[in-house]
Amino acid sequence: MEENINDDNTPDELDPEQPKEYHVKAVNGLYENWFLDYASYVILERAVPAIEDGLKPVQRRILHSMKEMDDGRFNKVANVIGQTMQYHPHGDAAIGDAMVNLGQKDLLIETQGNWGDVRTGDSAAAPRYIEARLSKFALEVAFNKQTTLWQNSYDGRKKEPITLPMKFPLLLAQGVEGIAVGLATKVMPHNFCELLQASIDHLKGKSFELYPDFPTGGLVDAANYNQGKKGGKIRVRARIEEVDKKTLFIKDVPYGVTTIQLIDSVIKANDSGKIKIKKVIDNTAKDVEIEIQLAPGVSPDKTIDALYAFTDCEVSISPNACVIVDDKPVFLGVDELLRLSTEKTKDLLRQELEIKQAELEEQWHYSSIEKIFIEKRIYRDIEECESFEDVIDTIWKGMNKFKKLFRRELTENDILRLTEIKIKRISKYDSFKADEIMKGLEAQLQQVTYDLENLKAYAIKYFENLLKKYGKGKERKTEIKTFDTIDSKTVAIANQKLYVNRAEGFVGIGLKKDEYVCDCSDIDDIIVFRKDGKVAVSKVQEKAFIGKDIIHVDVFRKNDERRIYNLIYLDGKTKVSYAKRFPVTGITRDKEYDLSQGTPGSRILYFTANPSGEAEVVSITLSPLSHARKLSFDFDFSELAIKGRSVQGNIVSKYLVKGIKLKSKGISTLGGINLWYDDSIGRINTNEHGNFLGNFLGNDLIISIYKDGNYELTNFDVSNHYEYEQLLHISKFKPERPISVVYFDAKAKQYTIKRFLIETQTLNKKFMCIPEEKGNYILLATDYKNPEVILTTGKGKTLAEGQINLSQFIDVKGWKSIGNRFAGADLTKLELLPPDPQDEIDEQIQEVEETLVNEDLFTEEQEKIKKLLEDDPESNEVKKTKGPKIDPEQPKLF
């Protein structure tokens, strides 16, 4: 009989007299919602690590609890588990297992007692018998309260970190494995020293490659590693040694396999007849050693092959790097994970420096006002004051005489701190000692400022220091090999050096007696320029003949459109000298290309490679036998447009050139990047999706203003997220352009207007520009030069409209000012009119002009756009133009 489900969720027979809806209750919708909630919880809160610190929530809570308990001594693991249960809403067994797993990795936790062995599969002793404390490395890289974001614990009683401020690629060092609902993650562990070196190489702009390194040692074939992405595969082998013709030793185990599992697989293979052995003995102690005694007449070589083929001496592992990014699981390669981690570390270092700078500034400021207060005897002026208010006013007046000496404005808190200085301190005040303290603060400030200005170098030094302090004993344990032939050479990981013999025309990694060029790897391509005007790209080899008279060789960076080559060449037929600038983004390997016109006798007279499109000035000397009026002159490469490799170039001289020397180094001539804002997802992009924001150069910023009264300055990184549901205004930030804001004042029940300049400099931090009162919100925000609005007030018969120019309605004031009354609570509509067409035209012309450094570099199409803007701004051609367009021959701009 068919059954339905009634309201009590119990089977009930059909009753034809009852309504149909009483018997039928759809559960598919409920199931879908419940399942998605459960799946999201398991993915975000249990199985998958966060990109920021590489930790799962339980691991993060363990480390946070250990930091709270840290006093330098070991703590019972049972106590740590109890402390962690204040933050982790699960049982003690799950916390204990996670902590043992962290401790066995021997990186963040220093252990004491029997913590088990990942090689043998032995479990750790009970939590009450083992102890742990944070390692010095963990204390240095994982904790900083000032840069940590916090959230409430599951019961709201405590605060726990959202993520730890991890200044190290921990996820790649430890590896991780987790099974969620609908997806899984498996990130291989990598070598500690190689990760730090890769971070240094990334900051230096060098290429790097990462391969797994397992704590269990062994051999790995990473030919199909695919950067640890889904679809890749690695093969891991135990190292097997032949002791004699009757005995083999297995010296380590593959990653994820224990000695017990390996021995069981050997016995199983023997029982199935796939291999023939006499006995298996486990001699594992400090090091893994499994002795295999062979049966009489069995070849040890064939047995080794059989062990790899039929036992767990070789296993295949399929990596699947999945991490949580912005509360979503994302699949990334290990190279990208390291880049993100390195940039995150760099940003954290910047935050720490800025915090330190602010603290030093504050210390200097207070030391200076205290010095003035005491040395100028301002404290004597308050002796006659009858009230505390008079004391404050007197100090204000006295200190204001010296305000030019301060680094910032005096605040009420500064004055209050001065009133708290005791007579004892004033009487014992040592001016010389105070000066020494201030000099020390100034020296520290100077160093911090220097580090902020040279943040990349500071970050490199940080990683080098970590490598020096903690790298000893963490050398690679797993050897990289190709398993097709056991003795095949190790896969190179950027540990080769490239050499060149320019005269003879040889390039390779085996020419160790010749000129050193740079570091490279076996899989790199190299680009070679010769004096005869030829360029070619070739694979890195031991020794390869490229052609005589090599003038430049380097690792080839495919699709690098910012690396610009400047050259002057002599045409062999006409004897005319030409100059040109060009990138080499992609050419066929082992094929020669002409940079000149290809005529016999052509040769390069001058050549430079410029990583960021720099354009220098050179001094050119002509032959004294020529009939030129000027035998020497300067040539500026910045006057040349960047075009394709095959163009002829511009004429430098029709006379014979005797010599060319560098006169002055140049700066980059590459323009900015065009950006659009897509309000459907709250992201900026370069794909022309959404509203055009403008052309951005290196130091340009974006300003965003939100309904809740906050504004924020950010860089123009396309990874930025904007709260598009709250966003009122977003544009390219123009520091000299006032911001006009109309907001509702809930307390006064009126609409208020204010115009102000952005005075704050901090990026990625929101500032409230309206009073922080409940119910306050921004109705309109704009950075138009002369904003005009139409406001509608009242209803029905009292309905009224008016047009107002906001720039004439109120003057520009400070960003913390309250503003003036704009309209009453009966304001029903406020419409911002389009900007003055002439202002728009001037802005677009300025955008086009700023696209290139030198106006002589304008392309014909850009000149056409500029002319149309000036003559006919309403033309269809102008309306089609979303932004400045770049010559297709020029590189895409970044």
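Predicted model: local features only at pLDDT ≥ 70, side-chain atom pairs only at ≥ 80, totals over all residues.
**Salt bridges and a helix crossing**

Me: Are aspartate 347 and arginine 350 buried, partly exposed or exposed?

Reply: Buried needs under 20% relative accessible area, and exposed needs over 50%. Aspartate 347 has 26%. Arginine 350 has 22%. Both therefore fall in between and count as partly exposed.

Me: Which residue forms a salt bridge with arginine 133?

Reply: Arginine 133 lies in strand β5 (residues 131-134). The partner is in strand β4 (residues 109-112), 23 residues apart, so the pair links distant parts of the chain. The side chains meet at 3.1 Å, N to O. The partner is glutamate 110.

Me: What is the relative accessible area of glutamate 110?

Reply: Arginine 133, at 23% relative accessibility, counts as partly exposed. Glutamate 110 is also partly exposed. Its relative accessible area is 32%.

Me: How many residues apart are lysine 534 and aspartate 594?

Reply: The two form a salt bridge, with the closest N and O atoms 2.7 Å apart. Lysine 534 is in strand β24 (residues 534-539), and aspartate 594 is in strand β29 (residues 593-594). The pair links distant parts of the chain. The separation is 60 residues.

Me: Which residues are linked in a network of salt bridges?

Reply: The structure holds 38 salt bridges. A network of them links Asp221, Arg235, Arg237 and Glu314.

Me: Are helices α3 and α4 roughly parallel or roughly perpendicular?

Reply: The axes of α3 (residues 57-69) and α4 (residues 77-84) come within 9 Å. They cross at roughly 110°. Angles of 65 to 115 degrees count as roughly perpendicular. The two helices are therefore roughly perpendicular.

Me: Is the crossing of α3 and α4 left-handed or right-handed, and which residues of α4 make the contact?

Reply: α3 passes α4 in a right-handed crossing. On α3, the contact uses Arg61, Ile62, Ser65, Met66, Glu68 and Met69. On α4, the residues are Asn79, Val80, Gln83 and Thr84.

Me: How many residues of the α3 and α4 contact are charged?

Reply: The contact residues divide by type. There are 4 nonpolar and 4 polar residues. The charged ones number 2.

Key: Residues numbered from 1 in each chain as written. Heavy atoms only, no water. Axes fitted to C-alpha atoms, helices over the stretch in contact; angles between N-to-C directions. Helix = DSSP H or I, 4+ residues; strand = E, 2+ residues; numbered from the N terminus. Parallel < 35°, antiparallel > 145°, perpendicular 65-115°, else oblique. Left-handed = near helix turned anticlockwise from the far one by under 90°. Contact = heavy atoms within 4.5 Å. Nonpolar A, V, L, I, M, F, W, Y, C, P; charged D, E, K, R; others polar. Salt bridge = Lys/Arg side-chain N within 4 Å of Asp/Glu carboxyl O. Buried < 20%, exposed > 50% of the residue type's maximum accessible area, 1.4 Å probe, protein only.
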